[in-house]
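Here is a short tour of one protein model. Keep the sequence and the 3D view side by side as you read.

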Amino acid sequence: MRLNDKNAVVYGAAGSIGGAVARAFAREGAHVYLVGRTKKTLDVVADEIIGSGGRATVAQVDVHDRASVEAHADQVVEQSGSLDISFNAVNVNEVQDIPLVDMELTDFMTPIIEGARAHFITATAAARRMTAQRSGAIVLLSSTAAGESRHRMGGFNIACAGVEALTRSLAGEVGRQGVRVVCLRPNFTPETVPGLAADDPELRPLIADTRLGRLPRLAEVAEAAVFAASDGAGAMTGAILNLSCGALVD
């Protein structure tokens with residue numbers, strides 16, 4: 001129970017990665033606050049967690065609305081006494097597989113703006129409460145796109161690189177107040193696409209880039225999030241956890 005009695009907010013908790021991380025947090029003892037725009041899909045995750053003996057509370061919040069995120073963070077602290085973990089798994093709208101020289105400016109800028117806005121709003125909301133209590137872990141989500149150049153990713157790679165830069169900047173500001181900031185950098189995870197097999201021919205170029213000869217499993221991403229948020233990672237901040245299966249070598 002590595003997160004026993006912790007209060008964890010998971011933004012985008014109805015998505016594949018958000019849901020997997022929320023379930024893992026609950027399994028490790030955290031009270032998980034599931035946040036997203038659609039209550040119906042959040043309720044599905046909450047029911048699974050509660051049915052397994054965990055604790056989950058649902059809130060319908062738009063992460064791009066700063067006032068709503070701040071109000072929800074206040075509610076968590078008022079109801080539970082602390083906000084100990086924040087994890088953002090909200091998707092961004094993106095256009096890929098088009099050369100940059102042929103891409104529309106709006107398509108290029110959209111993931112950059114959405115990613116920066118969502119992570120800035122949620123991370124700073126958590127940081128304000130955590131610095132006041134002088135403890136907490138903020139976990140952000142990037143992808144291998146931040147360090148790749150071979151694939152046509154439009155503005156998505158810049159969005160991911162921006163999240164990693166935010167990780168380092170925020171970690172440098174709040175570390176002395178007892179708050180850690182860590183970022184996960186998984187490779188494309190086939191389980192996030194329903195019906196997509198791990199050995200689908202379309203994935204061969206991505207698999208060929210890896211040293212392990214495969215792409216990461218959803219359970220591995222969730223386990224990394226648990227570790228990053230736990231006291232076991234207490235000496236880690238401003239770090240990017242490389243979950244690329246060796247596509248990127250540090």
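How many residues does the largest nonpolar core have, and which have the most contacts inside it? The largest nonpolar core has 36 residues. I17, F25, V32, L34, F87 and L184 have the most contacts inside it. A nonpolar core is a set of buried Ala, Val, Leu, Ile, Met, Phe, Trp, Tyr and Cys residues joined through side-chain atoms within 4.5 Å. Buried means under 20% relative accessible area, exposed means over 50%, and partly exposed lies in between (1.4 Å probe, protein chains only).

This is a predicted model, in which local features need pLDDT of at least 70, side-chain atom pairs count only at pLDDT 80 or more, and totals for chains, interfaces and linings use all residues. Residues are numbered from 1 along each chain as its sequence is written, and side-chain values use heavy atoms, with hydrogens and water left out.

Helices (H or I, at least four residues) and strands (E, at least two) are DSSP runs, numbered from the N terminus. In α7, L218, V221, A222, A224, A225, V226, A228 and A229 are buried. The buried residues of α7 pack against α1, β4, β5, β6 and β7.

Now take V32. Setting aside neighbours within four places in sequence, V32 is in contact (heavy atoms within 4.5 Å) with residues including A8, V10, F25 and R55. A second, separate core has 27 residues, among them A59, L83, A125 and A171.

**The helices**

The table sets two helices against their expected span, which is 1.5 Å times one less than the number of residues.

| Helix | Residues | First to last C-alpha | Expected |
|---|---|---|---|
| α4 | 29 residues | 42 Å | 42 Å |
| α7 | 12 residues | 17 Å | 16 Å |

Just after α4, R134 takes a positive phi of about 60°.

Helix α3 (residues 66-80) packs against α4 at an angle of about 35°, with the axes 10 Å apart. Axes are lines fitted to C-alpha atoms, for helices over the stretch in contact, and angles run from 0 to 180 degrees between N-to-C directions. From α3, the contact includes R66, V69 and E70; from α4, it includes F120, I121 and R128.

**A loop residue**

Is G53 buried or exposed? G53 is exposed, with a relative accessible area of 65%. G53 sits in the loop between α2 (39-51) and β3 (55-60). G53 and V193 are 140 residues apart in sequence and 28 Å apart in space, C-alpha to C-alpha.
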